[in-house]
Amino acid sequence: MGSSDSKLNFRKAVIQLTTKTQPVEATDDAFWDQFWADSNTTVQDVFALVPAAEIRAVREESPSNLATLCYKAVEKLVQGAESGCPTERDKQVVLNCTRILSRILPYIFEDQDWRGFFWSTVPGAGRAGAEDLDEDDGARPLAESLLLAIADLFFCPDFSVHSHKRGPDSVENMQTIDSCEYIWEAGVGFAQSPPLNYIHDLNRTELLRLLLTCFSEAMYLPPSSDNSILNPWVTFFCSTENRHALPLFTSLINVVCAYDPVGFGIPYNHLLFSDYREQLVEQAVQILIVILEHDGGPPHRPVSPSSIEEQEFAGPENLFVNYLSRIHREEDFDFVLKGLARLLTNPLTQTYLPNSTKKIQFHQELLVLFWKLCDFNKKFLFFVLKSSDVLDILVPILYYLNDARADQSRVGLMHIGVFILLLLSGERNFGVRLNKPYSLNVPMDIPVFTGTHADLLIVVFHKIITTGHQRLQPLFDCLLTIIVNVSPYLKSLSMVAANKLLHLLEAFSTNWFLFSVAQNHHLVFFLLETFNNIIQYQFDGNCNLVYAIIRKRNVFHQLANLPSDPTSIQKALQKKKKVPDVISRTGSQETVSMEGSHPAVPAEPGTLKTSLVAIPGIDKLTEKSQVSEDGTLVSVPKMGTTHAAHPDPSAVAGTSDTESNSGRDNEDVFYTEAEMERRRLSSASSTSYWAPSPEWVLSWKCKLPLQTIMRLLQVLVPQVEKICIDKGLTDESEILKFLQHGTLVGLLPVPHPILIRKYQANAGTAMWFRTYMWGVVYLRNVDPPIWYDTDVRLFEIQRM
């Protein structure tokens with residue numbers, strides 16, 4: 001039978017399914033076999049030959065036929081998993097059933113009445129052919145049978161893994177096979193790298209696509225802050241019922257981290273052959289981030305001492321999270337970190353050696369995976385920060401942030417990058433590592449500078465704040481929190497970075513900016529805290545910053561004398577109406593960008609994006625800790641719980657004045673961006689509109705931590721002016737030399753304790769991650785378009 005004939009038969013069967021008003025018996029094999037008998041269909045064919053409208057029609061008009069089709073397809077997969085697909089035809093049937101189920105499942109999920117179908121033990125119509133299944137299996141819900149069959153098929157010799165058969169007569173029994181001997185790739189806990197086999201890679205990719213489709217029920221439920229609602233598909237697949245959980249976890253993480261898109265060392269190789277491994281790696285990393293979303297057990301809350309032993313032993317219920325959290329060997333950490341760094345750096349290599357390597361597109365999934373690793377495995381986080389290897393993750397993240405800053409369709413990428421840096425910045429070692437000189441020649445659309453990785457971070461953050469799009473404003477708090485967290489450890493800022501920080505202070509401390517939004521003054525507090533940390537703890541190497549502060553001293557004097565009378569407030573707000581832009585683009589000596597770099601550009605019209613829920617305010621995202629004498633962190637109580645135990649007024653100021661009182665505090669309310677926009681516009685026009693009052697200005701003005709800087713200016717400005725007059729100097733190098741050797745020992749106020757704001761997980765961020773991750777998965781799976789045009793409810797799909 002030619003391929004066009006068989007496609008015709010398949011299409012005919014689909015039409016019969018929609019037009020038959022009578023239910024087709026499950027025992028009518030001649031009819032059902034038409035769906036999986038063909039040997040030439042691809043997954044793309046299945047999507048083309050089974051149109052959405054027809055799946056919905058069968059669902060509404062002949063539900064028993066849809067039920068039987070699902071039941072029969074699962075039955076075929078179960079049979080294939082039991083027999084081990086000895087013949088080519090068996091393999092073909094399994095692949096065709098995999099494709100049909102990948103096509104149909106989203107339409108089952110979008111209809112509330114059908115969602116329970118796969119979890120019922122007696123799938124209505126399909127029971128006629130069930131007598132031949134033994135009793136145990138008969139009692140399993142269809143979803144469980146399907147998931148277990150997929151798990152078995154992942155380790156099916158000659159189908160998805162290499163056979164270990166000794167001779168022609170020996171048989172590998174699927175029931176007794178030890179899948180740990182068939183792990184797909186060397187790496188964590190497995191030393192042998194099996195030979196590449198593109199057929200196996202293709203088959204694994206098809207099975208992973210079906211598994212991802214099973215897990216995607218989450219896309220059809222609206223966002224909710226109730227973290228106890230678990231995805232039943234993920235929960236079952238990650239439970240002890242799945243005997244392949246460990247080898248599959250290992251296979252997935254190893255396949256991802258061992259992948260090298262350079263075409264096995266031969267440049268330009270990727271132009272010659274299609275890379276089947278890349279498709280496998282993409283599906284593998286998507287499965288990993290979806291599976292690792294839930295830890296399955298209760299959220300991390302303290303346990304009573306008596307149950308600690310059991311807790312430790314049991315670990316998270318989700319076996320994949322459990323295994324991830326228990327990786328501990330240095331060589332395993334090294335393998336994972338080097339692999340992720342290599343893949344994250346890949347798009348950067350692209351820019352200075354165009355086409356030399358294949359450009360991968362799954363960096364967002366890799367960032368989520370890196371986040372999960374740090375979140376669930378603290379030993380991994382410490383390993384990352386133990387050496388300067390962390391910079392191999394930092395540089396690509398800064399590259400992505402800078403590149404995506406003008407593109408509203410990539411606002412999710414901006415958030416995940418910033419969240420990772422916020423998490424890392426809570427650890428002292430991160431700040432220390434940033435002092436390493438930056439010498440890479442990655443072309444980035446930023447001013448040229450000579451300095452350290454800290455300078456790179458500040459210059460990129462400045463670029464995001466001053467030239468990014470409006471939607472990034474909720475991230476400003478996070479960006480400045482990261483800078484504050486690392487500031488006590490920065491040994492020597494370059495002149496470029498020092499000027500950028502002062503330009504931000506200048507922009508954020510104009511009267512109209514401070515008076516126009518209730519939270520804007522927090523940004524000034526963060527910057528002052530940064531300057532104080534550097535002056536108090538790193539004065540010696542930071543003559544560039546001290547010089548920049550002296551040059552811009554009027555900004556600090558204006559802040560100290562900020563007017564708070566009603567007339568001045570009104571005048572400032574009138575001025576705001578004239579200034580169209582949020583932050584002045586001028587005043588920062590814009591220098592030439594790096595050679596070979598491309599400017600950040602907005603999204604192409606027509607680009608699809610998925611909506612995100614709002615992130616919680618910075619006070620919900622972070623928890624304050626003080627660094628004590630011996631370097632350990634002591635948690636600072638939240639304001640409102642206690643006012644004592646604050647030896648230091650600036651700490652109190654910091655605490656109360658970067659708490660957010662914005663509407664984002666109510667964690668149970670999740671708005672999509674469109675809804676937030678509507679609310680903003682309606683609140684702007686309504687009478688309850690917030691207005692600044694003299695009392696409000698005074699309430700925070702008196703807490704501005706200006707003492708240290710004012711004292712510094714008081715001591716140094718006269719000395720610098722004297723040098724200039726005496727030597728008739730206008731040359732900054734002499735002044736810098738003087739500042740370099742100067743000292744303020746004994747002249748400054750007593751150093752304040754260092755305050756670190758560490759990231760802390762909460763319901764709001766968990767929900768943000770769920771919508772972001774599934775949005776990425778939705779947009780990245782376009783061939784075939786698994787979820788396109790189905791009634792997804794977790795997010796909105798928007799065209800730019």
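First, the ground rules. The model is predicted, so local features need pLDDT of at least 70 and side-chain atom pairs count only at pLDDT 80 or more, while totals for chains, interfaces and linings use all residues. Residues are numbered from 1 along each chain as its sequence is written, and side-chain values use heavy atoms, with hydrogens and water left out.

Now the overall picture. The protein chain has 35 helices and seven strands; these are DSSP runs, H or I of at least four residues for helices and E of at least two for strands, numbered from the N terminus. Of its 800 residues, 56% count as buried. Buried means under 20% relative accessible area, exposed means over 50%, and partly exposed is in between, with a 1.4 Å probe and protein chains only. A contact means heavy atoms within 4.5 Å. Among contacts between residues at least 6 apart in sequence, 81% join residues at least 24 apart.

Next, helix packing. Two packed helices are described by the angle between their axes and the distance between the axes. Axes here are lines fitted to C-alpha atoms, for helices over the stretch in contact, and angles run from 0 to 180 degrees between N-to-C directions. Under 35 degrees counts as roughly parallel, over 145 as roughly antiparallel, 65 to 115 as roughly perpendicular, and the rest as oblique.

Take helix H4, residues 52–61, and H5: their axes come within 5 Å and cross at roughly 115 degrees. That makes H4 roughly perpendicular to H5. On the H4 side the contact uses Val-58, Arg-59, Glu-60 and Glu-61, and on the H5 side Pro-63, Asn-65 and Leu-66. By class, these residues are three nonpolar, one polar and three charged. For the classes, Ala, Val, Leu, Ile, Met, Phe, Trp, Tyr, Cys and Pro are nonpolar, Asp, Glu, Lys and Arg are charged, and the others, Gly among them, are polar.

Helix H5, residues 63–83, also packs on helix H6, residues 88–109, at about 140 degrees with the axes 9 Å apart. H5 and H6 are therefore oblique to each other. Their contact includes Leu-66, Leu-69 and Cys-70 from H5, and Val-93, Val-94 and Cys-97 from H6. It has 13 nonpolar, two polar and one charged residues.

Last, salt bridges. A salt bridge is a side-chain nitrogen of Lys or Arg within 4 Å of a carboxyl oxygen of Asp or Glu, and the structure holds 32 of them. Arg-56, Arg-59, Glu-60, Glu-110 and Asp-111 are linked in a network of such bridges.

Which residue forms a salt bridge with Glu-529? Arg-757 does, with the closest N and O atoms 3.1 Å apart. Arg-757 is in strand E6 (residues 754–759) and Glu-529 in helix H25 (residues 521–538), so the pair ties together parts 228 residues apart in sequence. Arg-757 is buried at 2% relative accessibility, and Glu-529 is buried at 11%.

Lys-338 and Asp-389 meet in another salt bridge, at 3.5 Å, N to O. Lys-338 lies in helix H15 (residues 330–352) and Asp-389 in the loop between helix H17 (378–386) and helix H18 (391–404), so this pair joins parts 51 residues apart in sequence. Lys-338 is partly exposed at 44%, as is Asp-389 at 21%.
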